[in-house]
Amino acid sequence: MISEALKLARLYWGYSQTEMSQATGISQAMISEIERGTKAVTLETLDRYSEALGVRKSDLMFFAEEIEGQAPVRKGRLIIAEKALRILDRLKPEEPRHAEAP
């Protein structure tokens, strides 16, 4: 489930696989294999996704557990249960606050 969670998190934050590759330093081919579940997700991979997305590794693992049994991505359309969207909203980094004009 962690592979699917990484894919859903990437899509939620609006990254293409190429953009995620650039953000993580992991090749696009490896990103694809990881997200399809054909390559194992290592702690280093989690570290890189975590840093690129601005979330903790534990949050990514929690999200993976929570989406188990939810609808998959089909035909380019992301289908996520309302519960999973609420979790993603909690994980999303806060917008940086801009200094107020004097």
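The legends below describe close-up views of a predicted model.

View 1. Ser21 belongs to helix α2, which spans residues 17-24. Its relative accessible area is 15%, so Ser21 is buried, the cut-off being under 20%. Leaving aside residues up to four places away in sequence, Ser21 touches Ile26, Ser27, Gln28 and Ile31.

**View 2. The buried residues of helix α5.** Helix α5 covers residues 57-66, and Asp59, Leu60, Phe63 and Ala64 are buried in it. These residues lie on the same side of α5, because they cover an arc of only 145° around the axis. An α-helix has 3.6 residues a turn, so residues three or four places apart point the same way.

**View 3. The salt bridge between Arg10 and Glu35.** The whole structure holds 5 salt bridges. One of them joins Arg10 to Glu35, with 2.8 Å between the closest N and O atoms. Arg10 is in helix α1 (residues 2-12) and Glu35 in helix α3 (residues 28-36), so the pair ties together parts 25 residues apart in sequence. Both Arg10 and Glu35 are buried.

**View 4. The salt bridge between Asp47 and Lys57.** The closest N and O atoms of Asp47 and Lys57 are 2.7 Å apart. This pair links distant parts of the chain, 10 residues apart: Asp47 sits in helix α4 (residues 43-53) and Lys57 in helix α5. Asp47 is partly exposed, at 36% relative accessibility, and Lys57 is partly exposed at 32%.

**View 5. The salt bridge between Glu33 and Lys39.** In this pair the closest N and O atoms are 3.8 Å apart. Glu33 has a relative accessibility of 24% and counts as partly exposed. Lys39, at 36%, also counts as partly exposed.

How values were computed:
Residues numbered from 1 in each chain as written. Predicted model: local features only at pLDDT ≥ 70, side-chain atom pairs only at ≥ 80, totals over all residues. Heavy atoms only, no water. Helix = DSSP H or I, 4+ residues; strand = E, 2+ residues; numbered from the N terminus. Buried < 20%, exposed > 50% of the residue type's maximum accessible area, 1.4 Å probe, protein only. Contact = heavy atoms within 4.5 Å. Arc of directions from axis to C-beta. Salt bridge = Lys/Arg side-chain N within 4 Å of Asp/Glu carboxyl O.
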